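I opened my notebook today to look up a few spots in one protein chain. Here is what I wrote down as I went along.

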Amino acid sequence: MSQYRAIRGMVDVLPDETPLWQMLEQTARDVLVAHGYAEIRTPIVESMELFTRSIGEETDIVEKEMYSFPDRNDESLSLRPEGTASTVRAAVQHNLIQSPQRFWYLGPMFRYERPQKGRQRQFHQLGVETFGVAGPEQDAELLLMCRQWWTRLGINDVLTLELNTIGSPEARSCFKAALTDYLRDQFNSLDEDSQRRLDTNPLRILDSKSATTQAVLDGAPTMTEYLDDESQRHHDRLCQLLDMAGLAYTINPRLVRGLDYYNKTVFEWTTDKLGAQATVCGGGRYDMMVSKFGGKATPASGFAAGLERLVLLMQTLDIDAISVPDLYIVSSDNNAFGQAMLEADRIRCEFPGLGVVQHLGGGSFKSQFKRADKSGAAWVMVFGAEEMVSGKVTLKPLRANEQQMTLSREELDTFLSQLEQLVNEY
Ligand code: HAM
C-alpha cells in the first residue's frame with residue numbers, strides 16, 4: 001500500500017474513467033456553444049465573505065462545509081464551494097454585464113460534507129450563469145439546454161425535472177413568518193435538525209427527509225398562498241413555455257434549494273437511480289446578487305450540474321466511452337525504431353485525427369504485439385528487416401475482419417486517409 005493516500009472525500013479519476021469524463025465534458029461544450037454560451041474561468045480561492053454574503057450565513061454550506069483559512073496576511077479565504085458567486089464577482093469586476101450575457105464554467109468545488117456515493121469533498125460542477133434577461137424565457141432556455149445535454153448523453157429518460165417558484169424576497173419573508181409560526185406550534189413533532197433550523201433557516205425544513213416532519217408539513221401554509229402576482233405570472237409563463245416544448249416537469253412546492261440567493265424560479269433534475277444523492281443538477285433565478293456585489297441591478301439565472309453524479313448515472317446505465325489508439329507501431333531493432341519514430345511523427349502531423357502510439361522499450365515482436373493488443377489499437381504497423389529493405393510497411397488488423405497488407409508509402413497514405421475519415425465519422 002502506498003505511503004500517501006488521497007485526502008478523504010477527494011477522489012482520483014483514473015485513466016479507465018477519464019474517457020467518460022471527456023465525453024461528458026465535450027458533449028456539454030458542444031451543447032453550450034450551440035446555444036451561444038461563452039466560457040469563464042475564475043480562481044478556486046476567493047475571499048470568504050464573497051460566499052457568506054451570497055450563499056447565506058445560515059446555510060449548511062456556509063455554517064459547516066466551507067474550507068476557509070487565513071492566508072499569511074490574515075485575510076480570510078475560502079476554496080469555492082460553488083461557482084455562481086465567483087462568476088458574479090468576475091462579471092461585476094470586469095464590467096461584463098452591460099448587455100445580456102451567457103457564461104459557463106467547469107471545475108472543482110469544495111464542500112466539507114460526509115463523503116458517500118455521489119457526495120465528495122472535492123467534486124466538479126459544470127455551471128451556467130446568465131445575466132440581463134428578467135423574463136421566464138431565460139429560465140426556459142436553460143432547462144431546454146439541460147434536456148439537450150441529457151439527450152446527447154443518453155440519460156434523459158431517467159431524469160425528472162422538479163420545479164418551484166419561491167417568489168419575491170418580500171413574499172418569501174411573509175411566507176417564512178407564517179411557516180415559522182405554524183412550525184413553532186408543532187415544535188415537539190419536528191426532527192432534531194428541523195428544530196434547530198426553525199430559528200436559523202426555517203424554509204429548509206420544507207425539504208427535510210424526516211417522515212414525521214413531512215407529516216407536520218402537510219398542514220403547513222404553502223408558498224402559493226403568499227406568492228406575489230409578478231412571480232406567479234413568471235411561473236405560469238415558464239410552465240407554458242415548457243409545455244410548448246414538450247418538456248415534462250413536476251411542480252414541487254417544497255423545493256427551496258440549499259443556497260439563499262434565489263428568487264422566483266428554482267429547479268432540480270433528479271433521478272431514482274443513484275440512491276440518496278439523487279440531484280444531478282440544480283439552479284434557478286437570483287435577481288438580487290449582482291446589485292449586492294456592487295453592480296447595477298441585473299436579473300440573473302443559472303444552474304450547475306454535478307459531474308461525479310452524472311458519471312455515476314452513466315455507469316449505472318452501462319453508458320461507456322473508450323479511448324484507444326488507431327495505430328500501434330512496432331519495430332524490430334534500433335535502426336527500424338528510428339525510421340518508425342520519424343514515420344509516427346509524420347503521420348501524427350498529416351493525419352491529426354488518428355491516434356498513433358509507438359512501442360517504446362524494445363522487446364521481441366511477440367511481446368510488442370501483445371502490448372499492441374492490450375492497447376486496444378485497431379491496427380499494428382510493422383517496421384521490420386523486410387520493410388527496411390523494401391521501403392514498404394506492413395499493416396496487421398487487430399480487431400476488424402480485414403486482411404494483412406504490405407503497402408508502399410503512397411498506398412499507406414491513401415489507407416490512412418480512409419482510416420481517418422472513418423474515425424471522424426465514428
Ligand atoms: P447546488 O445544488 O449546491 O447548486 O449544486 C449543484 C450540483 O452540484 C448538485 O445538484 C449536485 O449534483 C452537485 N453537488 C453539490 N454538492 C456535491 C458534493 N458534495 N459532491 C458531489 N456533487 C455535489 C449550486 O452550486 C448553485 N451554484 C447552482 C446554480 C448556478 N444556481 C444558479 N446558478
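My entries follow, one topic at a time.

**Ground rules.** I am working with a predicted model, where local features need pLDDT of at least 70, side-chain atom pairs count only at pLDDT 80 or more, and totals for chains, interfaces and linings use all residues. I count residues from 1 along each chain as its sequence is written, and the side-chain values use heavy atoms, with hydrogens and water left out.

**Entry on H234.** I looked up H234 and found it in helix α10, residues 229–244. My helices (H or I, at least four residues) and strands (E, at least two) are DSSP runs, numbered from the N terminus. Is H234 buried or exposed? H234 is buried, at a relative accessible area of 6%. For me, buried means under 20% relative accessible area, exposed means over 50%, and partly exposed is in between, with a 1.4 Å probe and protein chains only.

Next I checked the neighbours of H234. Leaving out residues up to four places away in sequence, H234 touches A134, G135, P136, D139, K264, T265 and R285; contact means heavy atoms within 4.5 Å.

**Entry on the strands.** Which strands pair with β10? Strand β9 (residues 263–270) pairs with β10 in the antiparallel sense over 6 bridges, and strand β11 (residues 300–306) pairs with β10 in the antiparallel sense over 5 bridges. I call two strands paired if DSSP finds at least two bridges between them. I noted W269 opposite C281 in β10, and R285 opposite S301 in β11.

**Entry on two loop residues.** I then looked up R257, in the loop between β8 (250–251) and β9. Phi of R257 is near 70 degrees, a positive value in a residue other than glycine. R257 counts as buried because its relative accessibility is 12%. D318 is in the loop between α12 (307–316) and β12 (327–331), and its phi, near 60 degrees, is also positive in a residue other than glycine. D318 is exposed, with a relative accessible area of 70%.
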